[in-house]
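User: I'm new to reading protein structures. Could you walk me through a few features?

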Amino acid sequence: MDYNYETVKDLTSRFGSPLYVVDGKKFKQTFNHLEQAMRTFYPHYRIAYSVKTNYMPYLCSLIHDCGGMAEVVSSVEYDLVRRMGFSAADIIFNGPFKRDALKKALLEGATVVVDNSVESAEILKVASDCPEALLHVGLRLNFDIGTEKASRFGFDVTSEELNDVIEGFYTVPNVAID
């Protein structure tokens with residue numbers, strides 16, 4: 001469909017405004033083009049869509065159909081994409097407030113991005129309580145880029161806290177840093 005003034009005027013009169021229009025075919029073409037281009041340099045590259053940006057089921061289903069991953073920041077988003085058919089292995093659980101779904105996501109096989117030493121301790125407890133489960137974690141890292149204010153999320157790459165967290169994960173055989 002070509003979108004011009006008359007088309008948009010017709011759509012907004014039928015569905016109201018604001019209106020979000022997605023061309024599924026074009027979306028999939030662009031997704032595949034980007035993924036192929038990136039894999040030229042990074043063979044294991046995968047696109048992970050930020051669900052919080054727009055969690056419309058149709059848009060999430062397009063990502064899923066293309067083989068993309070879902071990046072979520074809450075239990076609501078995690079449960080939504082699981083109901084939509086994303087395997088836990090195709091979910092990255094990010095953000096500072098994941099406590100209510102942390103254990104569930106870990107045990108189902110999602111990659112949980114660790115923001116602080118409190119989360120690290122919670123993950124180590126899950127690892128200890130469930131030694132048969134392989135838990136996948138990532139680390140949110142902050143690099144000095146010359147700004148005055150450091151991020152309140154993640155670990156400063158020069159901190160002892162980061163070293164302690166990494167050492168803690170390496171002492172547990174069922175935690176993998178992805």
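User: Let's start with the cysteines. How far is the sulfur of Cys66 from the closest cysteine sulfur?

Analyst: First, the general idea: a disulfide is a covalent bond between the sulfur atoms of two cysteines. Now the case here, bearing in mind that this is a predicted model. The closest cysteine sulfur to that of Cys66 sits in Cys60, 12 Å away, and that's too far for a bond because the two sulfurs would have to be within 2.5 Å. The count for the model is 0 disulfides, and Cys60 is in none.

User: Is Cys66 buried or exposed?

Analyst: The cut-off for buried is under 20% relative accessible area. Cys66 has 14%, so it counts as buried. Cys60 is buried too, at 1%.

User: What about Asn94: where does it lie, and what does its side chain touch?

Analyst: Look in the loop between strand 3 (91–93) and helix 5 (102–108) for Asn94. Its relative accessibility is 18%, so Asn94 counts as buried. The Asn94 side chain makes a polar contact with the side chain of Glu71, at 3.2 Å. If you skip neighbours within four places in sequence, the contacts of Asn94 are Glu71, Val72, Val73, Val113 and Arg140.

User: And which residues form the nonpolar patch on the surface?

Analyst: That patch is made of Tyr3, Val8, Phe15, Leu19 and Val21, which together have about 450 Å² of accessible area. Take Leu19, in the loop between helix 1 (5–15) and helix 2 (24–41). With a relative accessible area of 33%, Leu19 is partly exposed.

Terms used:
Residues are numbered from 1 along each chain as its sequence is written. This is a predicted model: local features need pLDDT of at least 70, side-chain atom pairs count only at pLDDT 80 or more; totals for chains, interfaces and linings use all residues. Side-chain values use heavy atoms; hydrogens and water are left out. Helices (H or I, at least four residues) and strands (E, at least two) are DSSP runs, numbered from the N terminus. Buried means under 20% relative accessible area, exposed over 50%, partly exposed in between (1.4 Å probe, protein chains only). A polar contact is a pair of N or O atoms within 3.5 Å; within protein, one must be able to donate a hydrogen and the other to accept it, and residues adjacent in sequence count only if both atoms are side-chain atoms. Contact means heavy atoms within 4.5 Å. Patches are made of residues with over 30% relative accessible area and no salt bridge: like charges are joined within 9 Å, nonpolar side chains (Val, Leu, Ile, Met, Phe, Trp, Tyr) within 5 Å. Accessible areas come from the Shrake-Rupley method with a 1.4 Å probe; for residues, only the protein chains shown count as cover. A salt bridge is a side-chain nitrogen of Lys or Arg within 4 Å of a carboxyl oxygen of Asp or Glu.
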